[in-house]
Amino acid sequence: MIKKQIPFPYSIYINNLFKGSLLFIFLFGIPLLFAQKNLPFHPYFFSLTVAEGLSSSVVYDLHLDKKGRLFIATEKGLFMYNGISFREIPVRKPAYASPITGLLEDDKGRIWCRDFVRNIFYFQNDSLSVLSLEQILPDLKPDESILEMLSFQGKLAIQTNIGLYIYNPYSTSKYSKLLTQSEKSTFFSLNKGNKNALIGCTQDGFIVEIEENNKQKIICRNPLIHNLSATVAKGEIYLISRYHYSGQVFTIVNGNLTITFPEIKKADLLLYSLKNTADQKLWLCTNQGVYLLHPETNTWEGPYLSGERISDIECDNTGNYWISSLDNGVFCIPDFNFNQVFFPFVDGKKNIIQRIIPGKKGGIFAGNNKGGIIEISEKGAIVRTISNTLNTDIEFLFFDSIQNKIWATNGIYDLSLNKTLRSDYFGKKVIPLQNGNYLKASGSGISIIRLDNKIDLLPFSIIDTSRLTLTPYLSYSLGKIRARVAAYDSLNNIFYAGYNHKLIAYSPQLFSGKIIEKTINSTLGEPIFATDMITTRDGRIWVSTLHQGVFCLKGTQVIAQLDTSKKISSMACRKLFLKDSFVWVITDEGLDCININTSEVSNIKIPGSVASSSILDACINRNKIWLATNTGIICFSTHKVSNNRAPEIYPTKFISRNVIVDLNLYPDSISFLDLQSFPAKLMFEEVATYPSKKFFIHHRLLPDDTTWSKQSPGIGEININPSGPGEYILLIQAIDGNRIGKVHLFRFKVSKPFWLDTWFLILWILLLLLLAYCIYLFAVHRLKNKQKVLEQIAQSQMIALRAQMNPHFLYNVLVSIQSFIFTNQKQDANVYLGKFADLMRKILSMSEKQEISLQEEIEALELYLELENIRFEGKLNCNIKIDPLLSPEMISIPSMILQPYVENAIKHGLLHRRGDKELNISFKALNDGKQMSIEIEDNGIGRKASEGINRKRRNKPGSFASNAILSRLQILNSIRKDKIQSQILDKYNSEGVSDGTLVRIILPIQIFK
């Protein structure tokens, strides 16, 4: 290791600088012209810009947290990228829309950042909280602003343009201010040192190491070089002069700056920062790309991403490098060691490489969409380009290493003579057979061709001449359907043709001259749609298909089918190639390798961003895998495949109604979490270690689920619906193709609800017994009430019966009959006695019923009134009117309800009236036939006069009929839904003299049954 010290004072510095420069030129200058010369290979990278969802292309800083989330500080705020999508981190009020920089993570895992003014932010609960400088540093001067911010001894080291402060955000204590021991107290830069120390570089050339308890030590002073910025890599301090046109990197030896690496001599080069990434590699970020420094050999590589203004670089735990720029967002380089990409150009124009095959000395031959072929060396240099007048896609390439010729879709090329031997369209594939014969698949079918037109050398003893074509070369047709691919089994002399709709095997018969054709189907009887075929030495035919995976044939029999259940990455397989004892398969998901002897499948983990659909072809030469993609050629070693892992899942919360469990306290599992409320949900974060949108979240709830369920990324939650109380296990993991992530296991118990506990069941049984007892008491009480009502109804019927058969009425009837007998009016006595018998029969019949028809009630009234009219010697005029809308025989009314009212009208009203006695009874329909009004109107003396007469007769008992009416109505209304209404009105003439009484009864019309 050669280092040149720069001591102080100035004369020694200048002298040694001059000598060192001469020595550097001779020792390193000439070799570096070659050592640092850029090879045609460049690291493969992809970008995250506005087109991919990042809101700003100006990125100041990056940080990868412990979960693998990428925080991106931009001119439009802070963003987070989890490998799936971008998410802007909102700022809590008061809101700021200023640019963000200075990302860091403290010892407790909290993310901090700052703006370019006087505000500090920390990430918490998916948002940014704001702390102004005035809030945490009250003694701050008005013109003081933040320059750097670092995590230091569990605290924050805040460097301003005037001083350095130590602030503890997790303590109630204030802050402390550190002063440097240099001539000026202002630090230009602040960086982490060794053993939790800080390295501060002042503007006057002092380099100070700040340890715990404010112990400071000046480790170097050199006033000639300003604006120094330091970083520590593998225990060594490295420094650069920032924002100056100098490509020098220094270390400190014996208190002096020492030139460590050869100077990067590039016009207008500005050094931004030195960065020691997580994999302990030292990087130099400049305005013209990023350089990788090798302290062990004092050399550097690069620039990578030449021309980009690189602001920061981070390395994640899978080896991916994330690089921010000030102009074009974020770049990702999967691995500098083996993933390299070459963009081919022919005649100054970019071409799409469609086919590649192994070439000479570890190189390849590549055919493009312009009909050209490019020979590329093992180191990625273009050896030669071959053009053709047939400007058509190169659909196949075959390299005859013995004759040093290349067969392609559009012709044959002699590499020794470096010229085109033949320009013909050979179709989609040509396979060499024996003795100058070739098997060709094209749009016109599958055939055997000979360029020398020698029929006798075709591989048949008897030739069907109808199959021969002599122009432009000898062609013997096996099938005339449009063919995609072809293969030949020399052990069994079978030709295979893959058509658009089927796979056919052709077996020529040596003595008969016939060709036997057999269609080969899958074991399920389905047609095989072949996309490519190859033959192994043991005579097996391997067939890739568009939707069925890979088939293995022996003769005309399918002996194996490899699909996703056998670890094939996708059922859509496009190309095959053979290398040693392995069949390589290009699928829609990447590259698979099949061991011919064991049929075991391995998945080659290429960079996830190389979209599977963009891999057009692949080959292997000297332990290097070459991929032809729509962006160029990617080359990497078979021993250094990418270690991309499946996306990670970070459970955050378990929510069960109002119960929220913070799963950050349980990173891997929960042991018997006791929950009582369901449904519940598991909240989680998804972090892809490499950009991926094809993975799924698999989850399963045991013992309820018999299979795994899956959902697309980006949802961030799983609903949990256990079947009932008991113990459960929730399993969740991310699966990206054949990459299986870590299984997170959560044990929880669903407790019985309180209503299933023993005490509650006992209480519930007691309550049920009490309720049953109450129901029993209620039923008994109701039964008694019902019985009482029935007794009252029966009693009321007896009362009604007594009202109709009262002694006075019977006495009057019998006296009338006796009078007829004494006067020898036998005929009248006989009629009167007959009517009386009919009335008694009706009354006795109605007394047995609670409801009778209106017709029966009217007939009983008519008999009663006829008898009373005889007693009144014909002076009682009775009229019964029935509304035509009523059908008396169809209407049901309570039995014997009207007779008491009629008796009162006769006994108390008409009996004491002199002159004509009028009694009118009318039946009318009301309320559209839903109710009936019964009016009993007399022209008697009225209730008031009748009461006066009754008072004079002190010994006369009260009206039995009136009491019967009231009692009967009360009983009936107590059991009826629709009540019976009654009203007694006194009538007066124009002079105010009583003119009789009107009784109105309104009852609902019910159908008589």
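Helices and strands are taken here as DSSP runs, numbered from the N terminus. In these terms, Asp 106 of the predicted model is placed in the loop that connects β8 (101-105) with β9 (111-114). The chain as a whole contains 9 helices and 79 strands. Of its 1009 residues, 51% are buried. Its accessible surface amounts to about 49,200 Å², and carbon and sulfur atoms account for 53% of that area. Among contacts between residues at least 6 apart in sequence, 53% link residues at least 24 apart.

Polar partners of other kinds are present. The side chain of Asp 106 forms a polar contact of 2.5 Å with the side chain of Tyr 170, and it also reaches the backbone nitrogen of Lys 108 at 3.0 Å. When residues up to four places away in sequence are set aside, Asp 106 touches Trp 112, Ser 151 and Tyr 170.

A polar atom of the Asp 61 side chain lies 2.7 Å from the backbone nitrogen of Leu 103. Beyond its neighbours within four places in sequence, Asp 61 is in contact with Phe 71, Ile 72, Ala 73, Thr 101, Gly 102, Leu 103, Ser 311, Asp 312 and Ser 324. The C-alpha atoms of Asp 61 and Ile 323 are 9.1 Å apart, although 262 residues separate the two in sequence.

Nonpolar packing was considered next. In soluble globular proteins, nonpolar side chains tend to be buried together. The largest nonpolar core of the model comprises 46 residues, of which Val 902, Ile 906, Phe 923 and Met 932 touch the most other members. Helix α6 (residues 854-871) is the greatest contributor to this core, supplying 8 residues. Another core, of 30 residues, lies apart from it and includes Val 59, Leu 62, Cys 593 and Ala 618. For Ile 906, the contacts that remain once neighbours within four places in sequence are left aside are with Tyr 864, Leu 865, Glu 868, Arg 871, Phe 872, Leu 876, Leu 911 and Leu 919.

Most residues other than glycine have a negative phi, and most peptide bonds are trans. A cis peptide bond is found between Gly 302 and Pro 303, with omega about 5°; Pro 303 belongs to strand β27 (residues 299-304). Leu 702 and Pro 703 are likewise joined by a cis peptide bond, with omega about 10°, and Pro 703 is situated in the loop between β66 (696-702) and β67 (709-711).

Positive phi values occur at Gln 280 and Asp 928, as follows. Gln 280, a residue other than glycine, has phi near 60° and occupies the loop between β24 (271-276) and β25 (282-286). Its relative accessibility is 37%, so Gln 280 counts as partly exposed. Asp 928, also not a glycine, has a phi of about 60° and lies in the loop between β75 (917-926) and β76 (931-938). With a relative accessibility of 78%, Asp 928 counts as exposed.

Methods
Residues numbered from 1 in each chain as written. Predicted model: local features only at pLDDT ≥ 70, side-chain atom pairs only at ≥ 80, totals over all residues. Heavy atoms only, no water. Helix = DSSP H or I, 4+ residues; strand = E, 2+ residues; numbered from the N terminus. Polar contact = N/O pair within 3.5 Å; in protein donor to acceptor, adjacent residues only side chain to side chain. Contact = heavy atoms within 4.5 Å. Buried < 20%, exposed > 50% of the residue type's maximum accessible area, 1.4 Å probe, protein only. Areas by Shrake-Rupley, 256 points an atom, 1.4 Å probe, with all protein chains shown as cover. Core = buried A, V, L, I, M, F, W, Y, C linked by side-chain atoms within 4.5 Å.
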